[in-house]
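I set out to record what could be looked up in this structure.

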Amino acid sequence: MLQPGFVGTTVPDWVRRAIADGLTSVVLFGRNIVDPEQVARLTAELRAENRDLVIAIDEEAGDVTRLEAWTGASRPGNLALGAVDDVELTESVARDIGRELHAAGISLNYAPSADVNSNPLNPVIGARSFGARTDVVARHTAAWVRGLQSAGVAACAKHFPGHGDTSVDSHHGLPRVSASAEEIAAVALPPFVAAMEAGVRVVMTAHLLASAYDPELPATLSPRILVDLLRGELGFDGLVVTDGIEMRAVTDRYGIDGATVRAVTGGADAVCVGGEHAGEATFDQLTGALVGAVLDGTLSEARLGEAAARVGEFAAWSGSRTRAVTADAVASDIGLVAARRALRVVSGRAGETVLPLVGAPHVVELSPTMNLAVDGQTPWGVAAPLSDLLPGTTSVRLTEADLADSGDLLDRKVLDPAVARSLVVVVRDAARHGWMSAAMARLLGSRPDAVVVEMGVPNGAAPGAVHLITHGATRVSGLAAAEFLTGRG
């Protein structure tokens, strides 16, 4: 019932022993990945212990990528696909992801995010959502599920019952959803229903308090949400897996072992762990907690048996799909095609005199601290692809801490080097970061001819002589933006 992560690019001995003792699932993270060939060798090693082993990964594409954590994603994320609003394109992108995962030996993908990003200041969902409209999110969630599963990889709709209307990152605290049950049913639940109708095999829980359903327990731990709502009202009969059980939204109050026991007691079938606690000690701790809960009567043998049976059924199904579907990882440019189609210019009256960039520009990238779902080492931005297209391009990346340390930093690092040159200001979720918005306003006050590239969630404003929206910060989104800015797109 545990789905643990581990450290290293080969199989640790403790994982081998656990599989021999009945462990049915493992999860891969960016730290386990070097390149596709190495991942294929790693998964083959794992499956040598159990051919039906469930090998999971959190490959949303877009800003959340594990396979391409070191290079940046070659496919745009959900917000870009929702902006294009072509379900055939979404299905094609998801199928392309599925082919790569299948060729690498991965059988379960913790994606797509089915969250409706109804709170524009959401700190953890944002560009991971297909958008703020329920109908858009629902149809693209279904398309993503169909595309991924057609390639032989199981999809996982997350984060039930919807993490879009939140203002707290559940990695750090407990988000609270104040909407009524009727509002949740109208706004947040339809994408999950669409995923089920598309045949999704797995649903991931959210670590949030939806008081309309349960005023005491977070959804991950709540029978009212997992049993009464998800299984009862919505009729889902597949596998229910938790979000990372070490996240503070549940561990601050219950501890990692207490949260694990309560999740299984509450209706979860599998427990994901290892994003931050990826060792044998944690695995043994949680195993011991579940055994102890059965022995003291906290966790009934019937609930344990039900969960274990569902895990076993899913493992048999995913194993058969892994073997039945022919691996096809032919290189495709569908990601770049989608990224180009997702570009939007929302202002540009001065664009005729500013674009295309003809000389090498100076680029400033204002970089926020990312949530823990995003690998902090994943490259992003526009400066690198612009340098390839316009040799001589110079750039600087600045953070909130950088600007707090020096009052004249924008002059020294941005405005002075951009004298007599084009200035490109790259931001990421500027509306959520006051320091970023203030820095952008200061730069545009001095350089009203600057081009602004927003690589996060747009907020309706359109500062800059040209304001370009990429709907995500992937490698291909940066490349598409650079092509547009140089007139080569």
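**Entry 1. Second largest pocket.** I began with the elements around this pocket: α10 (280-295) and α11 (301-324) each contribute at least two residues to the lining of the second largest pocket. I took helices (H or I, at least four residues) and strands (E, at least two) as DSSP runs, numbered from the N terminus. The biggest contribution to this lining, five residues, comes from α10. I noted that the model is predicted, that local features need pLDDT of at least 70 and side-chain atom pairs pLDDT 80 or more, and that totals for chains, interfaces and linings use all residues. Residues are numbered from 1 along each chain as its sequence is written, and side-chain values use heavy atoms, with hydrogens and water left out.

I recorded a volume of about 390 Å³ for the second largest pocket. Its lining has 16 residues, and M1, L2, G22, T287 and L290 lie nearest the centre. For the terms, I used a 1 Å grid over the protein atoms alone: a cavity is a set of points where a 1.4 Å probe fits but cannot get out, a pocket is an open set with protein on both sides within 12 Å along at least five of seven lines, and lining residues have an atom within 4 Å of a point. Grid points are joined across faces, edges and corners, and a volume is the space filled by probe spheres set on the points. By class, I found 11 nonpolar, four polar and one charged residue in this lining. Here Ala, Val, Leu, Ile, Met, Phe, Trp, Tyr, Cys and Pro count as nonpolar, Asp, Glu, Lys and Arg as charged, and the others, Gly among them, as polar.

**Entry 2. Largest pocket.** I then turned to the largest pocket, which holds about 500 Å³ of space. Of its 29 lining residues, F29, R66, H171, G275 and L372 are the closest to the centre. The elements giving two or more residues to this lining are β5 (156-160) and β10 (271-273). I noted 12 nonpolar, eight polar and nine charged residues in the lining of the largest pocket.

**Entry 3. Cavities.** I counted three cavities of 30 Å³ or more. The largest cavity has about 140 Å³ of space. Its lining comprises 18 residues, with I125, G126, A127, N371 and D429 nearest the centre.

**Entry 4. Salt bridges.** How many salt bridges are there? I found 30, each being a side-chain nitrogen of Lys or Arg within 4 Å of a carboxyl oxygen of Asp or Glu. I looked up one of them, between the side chains of R17 and E280, at 3.0 Å from N to O.

**Entry 5. Backbone.** I recalled that most residues other than glycine have a negative phi, and that most peptide bonds are trans. The peptide bond from K158 to H159 is cis, with omega near 0 degrees, and H159 is in strand β5. F160 and P161 are also joined by a cis peptide bond, with omega about 5 degrees; P161 lies in the loop between β5 and β6 (176-177). A61 has a positive phi, near 65 degrees, and sits in the loop between β3 (54-57) and α3 (78-84).
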